[in-house]
Amino acid sequence: MSTLADRVTLPTAADPADGTSSDVVPSQIPADSTDGVGLIESNFDVEVKLGDLQNDTESPLYSVTSFEQLGLPKEIHDGLLAMNYKKPSKIQEKALPLMLANPPQNMIAQSQSGTGKTGAFVLTVLSRIDLKKPTQPQALVLAPSRELARQIQSVIQSIGQFCTDLIVEAAIPGNVSRETGVKASAVVGTPGTVMDLIRRRQFDVSQLKLLVIDEADNMLDQQGLGDQCVRVKSMLPKDIQILLFSATFPEKVMTYAERFAPNAHQMKLRQQELTVKGISQMYMDCPDENKKYDVLCKLYGLMTIGSSVIFVRTRDSANEIQRRMEADGHKVSALHGAFEGANRDALLDDFRSGRSKVLITTNVLARGIDVSSVSMVINYDIPMKGPGDREPDNETYLHRIGRTGRFGRVGVSISFVYDRKSFDALSQIANHYGIDLIQLSPDDWDVTEKKVKEVIKSSRAKPEYAPSAIKN
Ligand SMILES: Nc1ncnc2c1ncn2[C@@H]1O[C@H](COP(=O)(O)OP(=O)(O)OP(=O)(O)O)[C@@H](O)[C@H]1O
């Protein structure tokens, strides 16, 4: 059978399995005992030398400074030690002195997925709060989803675990008491809920000193949440320090971001620097759309995969794939915006803890979510944008695959293509970032198994630091 790749030439990387171009640690592949569902507990037995990466000048995890040199208060430093953060990553090292300086200045900061942007702004939040006013809101972080807001709340609580009287509240639907309103020094929320709370006078913003917008390119995009963020900002003190963070800042949003955060320091990456080296990016050339599902099941049937995320275009297809996979004996969960909040929280908590290992979701979880055990991301549908979904969505692709390969770990992403449109879209994404995609074929499962397993196996690493101090 001729494959799409026979017909159209897409650049392919040297096969990492042949040892010519490999960012992964080659390891012995055990004869996996699959139980038909391919979702077996894994043994984390390979060491990742994070210290090596943090000494590699080319790595975004590299830094020359120590956290001590950043002059953070003792209780914050103790929190970092408890999290096993030994050295700052590049973004933390470079951005922190600028963000912590007085008088406060705005910042627009870009760094690859999973390189510690959250840590960078959380340290700024904690440094700016006066803990003697525990219920007076002083720092506000906005994020695009309730899941990301809750995660950031947990990171503030974890790094701030020795900050006495620290109260961090999530301003997400259904979470803030109508009677008391917001009673915390740090608030993390989604823009719609934050706007409602301010309007209903349940959130006193008069003493806010810091506004952080995470995933800022998405949050300021006029097609999306832009309006709400602008409205929130218009209700805040005029001299507030503004920090904008993302792994992606497309040019058209950048111009807007510069107006939103005037005179900001800027840390930007070149387009070719945006991809994370530890993620082996592959694509699967499926015979047709209907066969995508069979290929998916075959993949899970063949391999022992730690945790993985499957991204689809619509909520309906997430439900449908979940239904079919469960009927076929796979244990999977689906999470998307149609579910009620508490249910979404429980589903993600299960995934974080490893109780569930396969998460089928939409773009709602494409950004920011940090689950270090994710070793595989599947783009079941190539991310598209614009009227009629005509254009490839470069940014969403990068964020989706960034759910694996967190902070020096390795992971694999597999994007499914099946026709000219999906193939061209993926080619455009690859060209945009200068990525060499590795081709997989459903006609040759031995090779696929070898290529994917090699990465997955080495991703079962025991990092030097605690995997994630996030408490749910
Ligand atoms: N200095 C550090 N030392 C060790 N681990 C760290 C350090 N900074 C961050 N981490 C860990 O690295 C992981 C990724 O960090 P984080 O979620 O902040 O990435 P990010 O850059 O915000 O990613 P994304 O672009 O996906 O939002 C987290 O599990 C975090 O706890």
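Lys87 sits in the loop that runs between α3 (74-82) and α4 (90-100). The model is predicted, and the protein in it has 472 residues, 49% of them buried. Its secondary structure consists of 16 helices and 18 strands.

**Lys87**

- Lys87 counts as partly exposed because it has 19 C-beta neighbours inside 10 Å, while a buried residue needs 20 or more.
- Lys87 and Ser66 are 21 residues apart in sequence, and their C-alpha atoms are 5.3 Å apart in space.

**Domains and their contact**

- The protein is divided into domain 1 (4-28 + 277-456) and domain 2 (34-273).
- Contact between the two involves 36 residues of domain 1 and 36 residues of domain 2.
- On the side of domain 1 that touches domain 2, at least two residues come from each of α11 (291-302), α13 (341-353), α14 (394-401) and α15 (420-433).
- Helix α13 has the largest share of that side of domain 1, with four residues.
- By class, the residues on the side of domain 1 that touches domain 2 are 13 nonpolar, 14 polar and nine charged.
- Across the protein, among contacts with a separation of 6 or more, 79% join residues 24 or more positions apart.

**Largest nonpolar core**

- In soluble globular proteins, nonpolar side chains tend to be buried together.
- The largest nonpolar core here has 126 residues, and Val125, Ile156, Ala171 and Val188 touch the most other members.
- This core takes at least three residues from domain 1 (4-28 + 277-456) and at least three from domain 2 (34-273).
- Apart from residues up to four places away in sequence, Ile156 touches Val122, Val125, Leu126, Val168, Ala186 and Val188.

**Helix α6**

- Ile156 is also one of the buried residues of α6.
- The 14 residues of helix α6 (residues 146-159) should span 20 Å at 1.5 Å a residue, and the end C-alpha atoms are 20 Å apart, so the two values agree.
- Helix α6 is mostly covered, with 12 of its 14 residues buried.
- The buried residues of α6 are Arg146, Glu147, Leu148, Ala149, Arg150, Gln151, Ile152, Gln153, Ser154, Val155, Ile156 and Ile159.

**Leu335**

- Leu335 belongs to strand β11 (residues 333-335).
- Leu335 is buried because 26 other C-beta atoms lie within 10 Å, where 20 or more are needed.
- Beyond its neighbours within four places in sequence, Leu335 is in contact with Arg344, Leu347, Leu348, Leu359, Thr361 and Leu365.
- Leu335 and Asp350 are 15 residues apart in sequence and 11 Å apart in space, C-alpha to C-alpha.

**Around the ligand**

- There are 22 residues around the ligand, and those that come nearest are Ser113, Gly116, Lys117, Thr118 and Phe407.
- Helix α5 (residues 117-128) gives the most to the shell around the ligand, namely three residues.
- The shell is made up of five nonpolar, 13 polar and four charged residues.
- Both domains take part in the shell around the ligand, with at least three residues from each of domain 1 (4-28 + 277-456) and domain 2 (34-273).

Terms used
Residues are numbered from 1 along each chain as its sequence is written. This is a predicted model: local features need pLDDT of at least 70, side-chain atom pairs count only at pLDDT 80 or more; totals for chains, interfaces and linings use all residues. A residue is near a molecule or strand if its C-beta atom, placed from the backbone, lies within 6 Å of it. Ala, Val, Leu, Ile, Met, Phe, Trp, Tyr, Cys and Pro count as nonpolar, Asp, Glu, Lys and Arg as charged, and the others, Gly among them, as polar. Domain bounds come from an automatic or database domain assignment. Two residues are in contact if their C-beta atoms, placed from the backbone, lie within 7 Å. A nonpolar core is a set of buried Ala, Val, Leu, Ile, Met, Phe, Trp, Tyr and Cys residues joined through C-beta atoms within 7 Å. The expected span of a helix is 1.5 Å times one less than its number of residues.
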